Amino acid sequence: MTRVQDDFYDAINGEWKKTAVIPDDKTRTGGFSDLADDIEALMLDTTAQWQRGEAVPQDELLQQFIAYHKQTADYDKREAVGVAPVLPIIAEYQALNSFAEFTQKITSFEKMGRPNAFPFGVAPDFKDAQTNVLWADALGLILPDTTYYAKDNEQGKELLSKWRSAKAKLLAEFGFAADEIEDLLDKTIAYDARIAKYVLSNEEGSEYVKLYHPYEWHEFTKLTQLPLTEIFEEILGEEPALVIVPEERFWQHADEFYSEEAWPLLKATLLVSVASAYTAYLTDDIRVLAGEYGRALSGVPEAQSPEKAAYYLAESPFSQALGLWYAHEKFSAAAKADVEQKVATMIDVYKARLQQADWLQATTRAKAVVKLDAITPHIGYPEKLPAYYFDKKIDPALSLFENAQKLRELSIAHSWSKWNQPVDRSEWHMPANMVNAYYDPQQNQIVFPAAILQYPFYSLDQSASANYGGIGAVIAHEISHAFDTNGASFDEHGSLKDWWTAEDYAAFKQRTQAVIDQFDGLDSYGAKVNGKLTVSENVADLGGLAAALEAAKRETDFSSKEFFESWATIWRMKAREDFMKMMASVDVHGPAKLRVNVQVSNFDDFIETFDVHEGDGMWRDAADRVLIW
């Protein structure tokens, strides 16, 4: 049996791991995933009842979801229709003979949600987080990260071969001849290789501050042959004055992607994209085939069942409405009040810790407290849904494909309507039935959906120490994001602003570098952890544990043992090797086991409680233990 002194994570979770089974259609199982699987089972069972006409809710939006779900679940009709809805779209793209012709179609393609190689969107301005502005991103890659394109990366070559094989089979379903398929895939891969030369790696993209490159409109339009002013006058109704360009390298080489010279490669990429874009609405065989590459990436042996696929396809445009149903059914008023009190306690503890941070000068501490006091917590579920949700109407006289198109156009119009408007601080970015939580640096908000506010993270029936080691540490983790390597650059209003003294920020960087060093190069399923990529989440974990531990100590029945064991339990995970290797290159979160073992070894309380000594696997010299917040 593993000793807690040698491997705390395995000692707590080892017996569970022996019998834990990863579902065949999933990448992992464990704390977060088990809870998500339970909620999935509940939603599948409940919505199946609704389909049978049992216990049907009277809520208007849920009625629309039920109508849509009936269409997504009607596989007999989907089989009869086949690929017919997509063929005219493919023909429209095939008829484009030049880049100039394509540019005349970009606006209509954008409004309809069709592939158009147009990576623009609306988001808050980093310098003025109260206002939504235009952002110019970059085109996406076939492989998970730029690092996969290195000449010596054999995994990248293998994955690209699997992608090609899967796409060849998919394109054949739409009537493309073998020689056409080879040509399309050759050109798409060549276009992708161009993109990979210039786009940001996941590591580069994880540093928010370095992404802020505002351009005056007339300066930005000089970078590309795209008729951007005409396009945006149609989309927005006027010419924008400003655009934020996080992907400067990409746009500085825009002619390699948007030009008559690039058109053959771009056209091929668009045709492959069209064949891929609508597969979820077609036959079940095509849906399964379309997911082949994704399963190869993650090592998942089976596709979702038709029932699950139909539910999730219908759920997507109505996710917030279903989340509200879940929260009102499963999240008690008592639990909501208790969690709200825990958030208030955690903020109070954090304030005390900030005020006692003797490595900061008084001016920096004061500004940090101002930011902390301005954090807005959202617990359980949103008070209201976005107004455009109530425009989502399903017409039973229309086909699944036609109703899906209407929903897509509505969502896209809503996204563009936000441009040059105040940020809606009441809008949630995830539904209440999602097992997750987040901190929004542009809104200085922490959000905890109802789904995560239950065992093993939280329960009125478990000890206060266990709750603080679970949901308490998660709450404090999200608060800590306000002061991590990204959040620390934004003020209390969510705007990019340097509120540190130079000396204090240097001290902060020194401490965060120590966190990078603790994780960098550690093994995870045969891959190496990137300490720089994961630093923001690791800093948040460290701050979350420190604040939650102090809060737990305020309780009369405090148990350090229960606190740390709860932390290890919520992170228990059994995952597929291929998935974890991919995550090492793309995920800003560290592997679950290291989020436990590396973090707890920084705490004297852990070392003392579990009698860890020099020479034990969990030992860390006192001089090497890192605490920031």
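The points below take up a helix pair, a sheet and the packing between them.

1. This is a predicted model, in which local features need pLDDT of at least 70, side-chain atom pairs count only at pLDDT 80 or more, and totals for chains, interfaces and linings use all residues. Residues are numbered from 1 along each chain as its sequence is written, and side-chain values use heavy atoms, with hydrogens and water left out.

2. Helices α19 (residues 333–355) and α20 (residues 362–374) pack with their axes 9 Å apart, at an angle of about 170 degrees. Helix α19 is therefore roughly antiparallel to α20 (an angle over 145 degrees). Axes are lines fitted to C-alpha atoms, for helices over the stretch in contact, and angles run from 0 to 180 degrees between N-to-C directions. Helices (H or I, at least four residues) and strands (E, at least two) are DSSP runs, numbered from the N terminus.

3. On the α19 side, the contact (heavy atoms within 4.5 Å) is formed by Ile347, Tyr350, Lys351, Leu354 and Gln355. Helix α20 contributes Arg365, Ala368, Val369, Leu372 and Asp373.

4. Strands pair if DSSP finds at least two bridges between them.

5. Strand β7 is joined to β8 (residues 445–449) by three bridges, and the two run antiparallel. Gln445 in β8 is the bridge partner of Asp440.

Technical notes
Angles under 35 degrees count as roughly parallel, over 145 as roughly antiparallel, 65 to 115 as roughly perpendicular and the rest as oblique.
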